[in-house]
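Q: Hi! Could you walk me through this one while I have it open on my screen?
A: Happy to, let's take a look together.

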Amino acid sequence: MLTLFEQIDKGTLWRSTGGIHPPERKTLSNRTQIKSLPLADEYVVPLPQVGESAILIVKPGDYVAKGAILTKGTNFGHLPAHAPTSGHVSCIEIRPGNHASGLAVLSCVISADGLDTHDAHIHPALSTNEVDQLTDEQLLTKIQQAGIAGLGGAAFPTHIKLSPASDIELIIINGIECEPYITADDMLMREKSDEILNGIAIIHRLLAPKRLIIAIEDNKPEAIEEMQHALNRSSLPKDGVRITSIPTLYPSGGEKQLIQILTGQEVPSGAIPAQLGIVVQNVATAYAINQAILRDFPLIERVVTVTGDNTQLAGNYWIPIGTPISHVLTQTQFIGDEHDKVIIGGPMMGYALHNDNAPTLKGSNCILLPASDELAPEQKELPCVRCGECAHVCPVQLLPQQLFWHAQAQEYDKATKFNLADCIECGCCTYVCPSEIPLVEYYRIAKSAIKAEAEEKKQAELAKQRFDLRTQRLEDEKRAREEKQKASAARRKSNMSSSDKDAVALAMARIKAKKAAQKAVATQDDTASKITSSMPETSAPADERQAKIAAAIARAKAKKAGLKQDAADSSTGNRSEDTDTVAPVDDKKARIAATVAKAKAKKAALQQSADEADTSTVNTPVDDKKKARIAATVAKAKAKKAALQQSADEADTSTVNTPVDDKKKARIAATVAKAKAKKAALKISTNTEDDKD
């Protein structure tokens, strides 16, 4: 049994699944040579196409030469953008984008000076011997700095594709160009075959494969002949390198479909060809590699097919990247009106342009200008009839009907399970659908929604990470402050002298003693109030006895508090004048508290007597003189209470200022009370005489 490489050498081909044969319509543009267009007044270079981590290094007003670098970046996948011609940067603003969504993008606008002056940093062309002296790393750096991306339509960075993680056994150079109308690669192979082979030789050197196949569709006989002659003239080894003609079938130019036709192997879902030891490169990309290595010329222009019945000058043109589409339409004599479509790409995988001021990109290989009779009439979308034709022609062996249902119902998770990501958007299912359902449009919307959802999850995760980092930072800062405060306190403590420490200890002892005294007084007041409130409202001797008991309890607690204070003072080792005066003060407070308790007890007894007197006036008549005596007694009790309260207040103040004779104050208060009682008795007797009259 023959090995895979033996079958390849023999020219064996395998049949791919699916595919269609739409009208080719290639003769509109492949009858003339590749031409150039006059310079436009301005060029628009979209910035999002340059990859991640890109930084614009020019500003409005700067002069740039043709091929000058406009951006720089540190990311491995970054591709710099270059000025397509010489002129001044007029502005950096949002401009219409060349995309199916029609969204505007940030762009660098260059006003052309008409001189098309090359950048002075571009070196002269290198010879083959000089190229051989460059290392592989130098070659890859040149390819990256030239901004080369896959020109077959995907625009994937070429330097990444040429740096695989695994060994490569087979290189396929894709010259199929299977989509109708497009002839850019066909004409490039006819006119630049030697340059393409030089680029292929550089790819062969970087990857060192066992086999290399240049695949060209059999509807391009002139290109096959020119490439065969160039292969015979090239430095490529004749053993293991061959040109293979592929039967015309759309979409045989797809990367995975071409691998299946040439090797019979299928690339698994979610995998890339490099995992099978295979790399596929476009012929236009090989030409751009030749320009970057041998001429040191960046990727600033490409061949674009301008075709369709709405243009009078259909053909292929060298168009600088960033040229406004409106300029191309003007130069190729567009004869349509504002209602006619302008399609970027071919009729199968292309999309209608929303604004003709959008620029050409690295992946723009065709501008299709069809007349109304070239397009199928607009048909109303009808319900799916479940004919199964879409599944029959699908080159990826998907289930388009299932994908359509889930995409229409916005069940994107289910669509993902049916391998929506493997859809290459070739349009075969839409082409054969009898219900005129735009299946590919549904798939594109679903892919965009899935991508947006994944981006939202990514941003949410990043936000969560930022929040966690902020919380951790605040905790670290708090911990650092606490540690700093502890260190400062420890440093101050270590620097304190013995006298400072003694002063601090003494102050702390005074504070504790003061708090203890205040607590003792409060406890005494609470105890006295509880005793007086709980005592029965009986005779005065019982109240006095309860008051004496409360006073004795208060004196005992005050004495205990004084003993505790003495113990605290003795522990400090220093007795000051302040601590010596605490015990007398506390004893005086205890006596005052006892006096207050007696007064409260007497007041309660008097109040009970007054209440009994009030009730007696209701039942039986009472002698007016007796009432007067009772009133005098009540007044005397109130006066005595006021005197006691005043004595207590003065006693509190006396602890701060100078002590006052308590007996003298008591005599004064008693005299005042007697006077008030006599006055009240006189007033009562006067009232009784008035009542008798």
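**The parallel sheet and its surroundings**

A: Let's begin with the open sheet: four strands, paired in parallel, in the order S10-S9-S8-S11. Keep in mind that this is a predicted model.

Q: Which strands stand at the edges?
A: Those are S10 (241–246) and S11 (278–282). Each has a single partner strand, so one side of each is left without a neighbour in the sheet.

Q: And what does the twist average from one strand to the next?
A: The twist averages 25°.

Q: How many bridges are there between S9 and S10?
A: Six, with S9 (residues 211–217) and S10 pairing in the parallel sense. As one example, Leu212 has Val241 in S10 as its bridge partner.

Q: OK, helices now. Which strands does H7 lie across?
A: H7 lies across S9 and S10, and runs at about 175° to S10.

Q: What about H8, which strands does that one lie across?
A: Helix H8 (residues 255–263) lies across S8 (170–175), S9, S10 and S11. Its direction is at about 115° to S8.

Q: Is the crossing of H6 and H7 left-handed or right-handed?
A: Right-handed.

Q: Which residues make the contact?
A: From H6 you have Ser193, Asp194, Ile196, Leu197 and Ile200. H7 brings in Glu226, Met227, Ala230, Leu231 and Arg233.

Q: How do the residues of that contact divide?
A: Between H6 and H7 there are six nonpolar residues, one polar and three charged.

Q: New topic: Thr285. Where does Thr285 lie?
A: Thr285 is in helix H9 (residues 283–294).

Q: Buried or exposed?
A: Thr285 counts as buried, because its relative accessibility is 0%.

Q: So what does Thr285 touch?
A: Leaving out residues up to four places away in sequence, Thr285 touches Ile148, Ala149, Gly150, Leu151 and Thr158.

Definitions and conventions. Residues numbered from 1 in each chain as written. Predicted model: local features only at pLDDT ≥ 70, side-chain atom pairs only at ≥ 80, totals over all residues. Heavy atoms only, no water. Left-handed = near helix turned anticlockwise from the far one by under 90°. Helix = DSSP H or I, 4+ residues; strand = E, 2+ residues; numbered from the N terminus. Contact = heavy atoms within 4.5 Å. Nonpolar A, V, L, I, M, F, W, Y, C, P; charged D, E, K, R; others polar. Buried < 20%, exposed > 50% of the residue type's maximum accessible area, 1.4 Å probe, protein only. Pairing = 2+ DSSP bridges. Axes fitted to C-alpha atoms, helices over the stretch in contact; angles between N-to-C directions.
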